[in-house]
Amino acid sequence: MPDPIAALTDLVLPALTARFVLLANHVLTAAPVAPERLKSHAGRVLKVEVEGWSGPLPPPPPLALRVTPAGLFEAADEAGAVADADLHLRLDASRPLDAARRLAGGELPPVQIEGDAAFAADVNWVVGNVRWDIAADLERVMGPGLAEGLSQAGSQALGVLRQMAQGVAGSMQRP
């Protein structure tokens, strides 16, 4: 009998990868200096991995991204791209609520970058300086009133989730 999670992953993963690449490129193009810094690394491959994952689903597999001549990213799907990457970026997923809070605030969770020094310096600069302004994107799509309401609702939902997680963690530590 086939593994249903593996079958679902095979169906969903390519679509999620495509959406992630679109989102990453959207964020990069919002800060034109970022693609300019990455252009000199055209053809190089960045491997993104998630570490410290704990949850009901298996961790996402490593993602290989190739820098395009425009300084943006494309999925590097061919065999060996993940293994032969020029740079490795490891995202810490051991604290998912903290990671969600950071993402909602336009930040990335803690990352480790290893590999080619020049490529690492530019990727590190991009990670450290480019921010995703979720509220501004929502405002462009939905208008200022609705965007403000969604932003506030998202912040409140994250606060509730954080409190619930702290309560669960506290109750698990009690004898």
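Modeller: Buried means under 20% relative accessible area, exposed means over 50%, and partly exposed lies in between (1.4 Å probe, protein chains only). This is a predicted model: local features need pLDDT of at least 70, side-chain atom pairs count only at pLDDT 80 or more, and totals for chains, interfaces and linings use all residues. Residues are numbered from 1 along each chain as its sequence is written, and side-chain values use heavy atoms, with hydrogens and water left out.

Biologist: Why does Val12 count as partly exposed?

Modeller: Because its relative accessibility is 33%. Val12 sits in helix H1, residues 4–29. Helices (H or I, at least four residues) and strands (E, at least two) are DSSP runs, numbered from the N terminus.

Biologist: Which residues make the nonpolar surface patch of about 290 Å²?

Modeller: Nonpolar side chains are joined within 5 Å, like charges within 9 Å. Areas use the Shrake-Rupley method. Here Leu11, Val12 and Leu16 form the patch.

Biologist: How many residues are in the largest nonpolar core?

Modeller: In soluble globular proteins, nonpolar side chains tend to be buried together. A core joins buried Ala, Val, Leu, Ile, Met, Phe, Trp, Tyr and Cys through side-chain atoms within 4.5 Å. The largest here has 22 residues; Val123 and Phe73 are among those with the most contacts inside it. Helix H4 (117–129) gives the largest share, five residues.

Biologist: What does Val123 touch?

Modeller: Contact means heavy atoms within 4.5 Å. Leaving out residues up to four places away in sequence, Val123 touches Leu38, Leu87, Leu89 and Ile113.

Notes:
Patch = residues over 30% accessible without salt bridge, like charges linked within 9 Å, V, L, I, M, F, W, Y side chains within 5 Å. Areas by Shrake-Rupley, 256 points an atom, 1.4 Å probe, with all protein chains shown as cover. Salt bridge = Lys/Arg side-chain N within 4 Å of Asp/Glu carboxyl O.
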